[in-house]
Amino acid sequence: MLQISNLQVKYGGITAVNGLSLQVNENETIALIGSNGAGKTTTLHAISGLLKPSQGECLYQGMNLLKMAAHDIVARGIVHVPEGRQVFTRLTIEENLRMGAYLQKDRQLVKQNYERIYEMFPILKERLRQSAGTLSGGEQQMLAIGRALMSNPKLLLLDEPSMGLSPLLTQQVFEALYELKKAGLTILLVEQNAYEALELSDRAYVMETGSITIEGNSVDLIRDPKVKEAYLGGEI
Amino acid sequence: MPIDYIIGQLVNGLRLGSIYAIVAIGYSIVYGILKLINFAHGDIMTLGVYAMLIFMTMLGLPIWMVIILSMMISVCAGLLIERLAYRPLRSAAEETTLVSSLAVSTLLQNVLLMIFSAQKQAFLLPDYMTELHTIGSIHLSTMNIITFASVAVSLVVLILVIHKTRIGTAMRACSENLTAAKLMGININKVIVFAFAVGSALACMAGFMLAGEYKTVDPAMGFVPGLKAFCAAVLGGIGSLGGAVIGGLLIGVSEMLFAGLMPTTVTAYRDAFVFVVLILVLLFKPTGILGSRERA
């Protein structure tokens, strides 16, 4: 579904992503883990068109994403939940969701999507007319995911959905992700919380200083001594 | 001092202020999205007025047609400026686009100067528009009434558009977080074009009102009112629509009260007075009256 080869992204003189290759197949959940500054977020930004890579290829269902503007990429079904949630704090929750459905023409489908999101995150339904700035961090994360689902994603890119959340809220957010996975959505997940991410995903890539160093099935990586030591905090 | 006179000045101030407000909205919506202070905005106003002059005195078209055609010309000019002078600098620093907008402003003034000369030209409205009406102790011309009415109507329409329509909500989303807006699938170029189009059309309308008031036009006529409208936008809290209106009215009223109530030896400093008001407000509220905290 998504095929990235030899991707290189530069910020001025600094190369943030260098020769990265990865593949996401349909209905797969892929985790991309690694420490701060490894280039995970940059990789997602390159996929969703927020950054223009200097080299490499990024094919999605045979289309070259690198030639497309960010809004065209959303129209093709790649939807990105950015790091730090980035909900529109001055808009109401309903308006945030409506912005998620910005490109959707099928009203019936939009209506179904609203219902689905209310079912998944009932708290959002209770506060539709409130401005999103009044939500807590966890609620904002739910809104950010809900807003992305309004765009009818075929491939969902998630950047650190558990960042800054309490263990309880992290659990809630991951429950939602399990649900999405069960519903057959293709997911590329970037996470600091490597253990949770490996539990959820089918396959995983470990990123270090701009490129992939380890890849494999998540069940294997979770037992891999190198991964264990570096990302899972030693013996668990 | 007779109370009627003060009320008269107050009405004059509100009228002038509502013109500033209309121009200030143009500054504010563009700034909200691009963080760009479009100094050419006041000159788009002048351009619109010259277009009116041509359509009205040279071609003798009816006034409604003059207004529509000049608005179209102003919108085209605004969009052309965005495309040629601002869009290529989209990823540049804020100071760079600021300099670019000053350059466009100077360029527009000088092009108008070359074509029409620095000579003031008469801007004469049809007689029925200058006819005076008396309501109680207040005297208003038809033009004055049109000014109040059209400002009120445009504000209501604009508020509805920004809060109720898809493009309006997208505009608010863009002005809060451009990156997140892109991730929603919003084509930000379309939203920016929309903001420039609305701003330029409003500037042209304001130009018509100002020229109707002064009864003359010259190539630099948009500069000082443009600057004051910019102050109004800053005073009210730049990026905020309500702020632009409040700032505009506040500046218009204080300017007129100053000009009308102070001894004639100091009234010549009315422009300076406006900037003193701006400085005083910003000293106490650096983000403006309705400015958001996060933009400090």
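1. Two strands pair if DSSP finds at least two bridges between them; strands (E, at least two residues) and helices (H or I, at least four) are DSSP runs numbered from the N terminus. In chain A, strand E1 (residues 2-11) and strand E2 (residues 14-24) run antiparallel, joined by 8 bridges. A:Val9 of this pair stands opposite A:Val17 in E2(A). Do look at the turn too: the hairpin has 2 residues between the strands, and A:Gly12 takes a positive phi near 55° there.

2. A word on the basis of these notes: this is a predicted model, where local features need pLDDT of at least 70, side-chain atom pairs count only at pLDDT 80 or more, and totals for chains, interfaces and linings use all residues. Residues are numbered from 1 along each chain as its sequence is written, while chains are lettered from A and ligands numbered from 1 in the order in which they are written.

3. On to the chain contact, which takes 20 residues from chain A and 14 residues from chain B (C-beta atoms, placed from the backbone, within 7 Å). On the chain B side, helix H7 (166-176) and helix H8 (178-183) each supply at least two residues. H7(B) gives the largest share, 5 residues.

4. Within chain B, helix H1 (residues 3-34) packs with helix H9 (residues 188-214) at an angle of about 165°, the axes being 8 Å apart. The angle runs from 0 to 180 degrees between N-to-C directions, with axes fitted to C-alpha atoms over the stretch in contact. H1(B) and H9(B) are therefore roughly antiparallel (over 145 degrees).

Notes
Two residues are in contact if their C-beta atoms, placed from the backbone, lie within 7 Å. Angles under 35 degrees count as roughly parallel, over 145 as roughly antiparallel, 65 to 115 as roughly perpendicular and the rest as oblique.
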